[in-house]
Amino acid sequence: MESLVKFVEDEFVPKKDFPQFSSGDTITVYYEIKEGEKTRTQFFKGVVIQRRGTGATETFTIRKMSGTVGVERIFPINMPALQRVEVNKKGKVRRSRIFYFRGLTGKKARIKEIRG
C-alpha cells in the first residue's frame, strides 16, 4: 500500500525546485495570498527551525521576530501558493531541529554563518 501511495505522489504531485536549505539557515519565502478577487505576493523571512517529512508531505518551519514577539509559520513544500524560496544565509547548527532557539533572546539568538 505504501508503494502505491509513493507512486501516486511521484507521478501526480508537481515537483517544485527550491534551493537546498536546512535548519539554521535564514531564508525568505514568497507566497501568494488571495484577498477576495485580488491576489498578492507576500514574503516571510526568518530562520528555519526544522524540516520534517519526506516527499510530497514534507514541511519546514520558519521563525522570525516581529518586534518582541516570536512568529512561527509552517510551510508545506508542495503548497500551490508557494512561489519561490531564497536562501539569505547558511547557518551552522549542530541539530536538525533547533527548538532551543525559541528560548534565546538578544546576542544568544545569533547563529554562526557559514561563508563560502
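Modeller: This is a predicted model. The side chain of Gln50 makes a polar contact with the side chain of Arg97, at 3.3 Å.

Colleague: Where does Gln50 lie?

Modeller: Gln50 is in strand 2, which covers residues 38-52.

Colleague: Is Gln50 buried or exposed?

Modeller: Gln50 has a relative accessible area of 8%. The cut-off for buried is under 20%, so Gln50 counts as buried.

Colleague: Which residues does Gln50 touch, leaving out those up to four places away in sequence?

Modeller: Thr59, Phe60, Thr61, Ser96, Arg97 and Phe99.

Colleague: Changing topic. How many salt bridges does the structure hold?

Modeller: Seven. One of them pairs the side chains of Lys90 and Asp25, at 3.4 Å from N to O. Lys90 lies in the segment after strand 5 (82-89) and Asp25 in the loop between helix 1 (2-12) and strand 1 (26-35), so the pair ties together parts 65 residues apart in sequence.

Colleague: And what is the accessibility of Lys90 and of Asp25?

Modeller: Lys90 is partly exposed at 35% relative accessibility, while Asp25 is buried at 1%.

Colleague: What does Glu58 pair with?

Modeller: Glu58 meets Arg51 in a salt bridge, 2.7 Å from N to O. Glu58 is buried at 16% relative accessibility; Arg51 is partly exposed at 26%.

Notes:
Residues are numbered from 1 along each chain as its sequence is written. This is a predicted model: local features need pLDDT of at least 70, side-chain atom pairs count only at pLDDT 80 or more; totals for chains, interfaces and linings use all residues. Side-chain values use heavy atoms; hydrogens and water are left out. Helices (H or I, at least four residues) and strands (E, at least two) are DSSP runs, numbered from the N terminus. Buried means under 20% relative accessible area, exposed over 50%, partly exposed in between (1.4 Å probe, protein chains only). A polar contact is a pair of N or O atoms within 3.5 Å; within protein, one must be able to donate a hydrogen and the other to accept it, and residues adjacent in sequence count only if both atoms are side-chain atoms. Contact means heavy atoms within 4.5 Å. A salt bridge is a side-chain nitrogen of Lys or Arg within 4 Å of a carboxyl oxygen of Asp or Glu.
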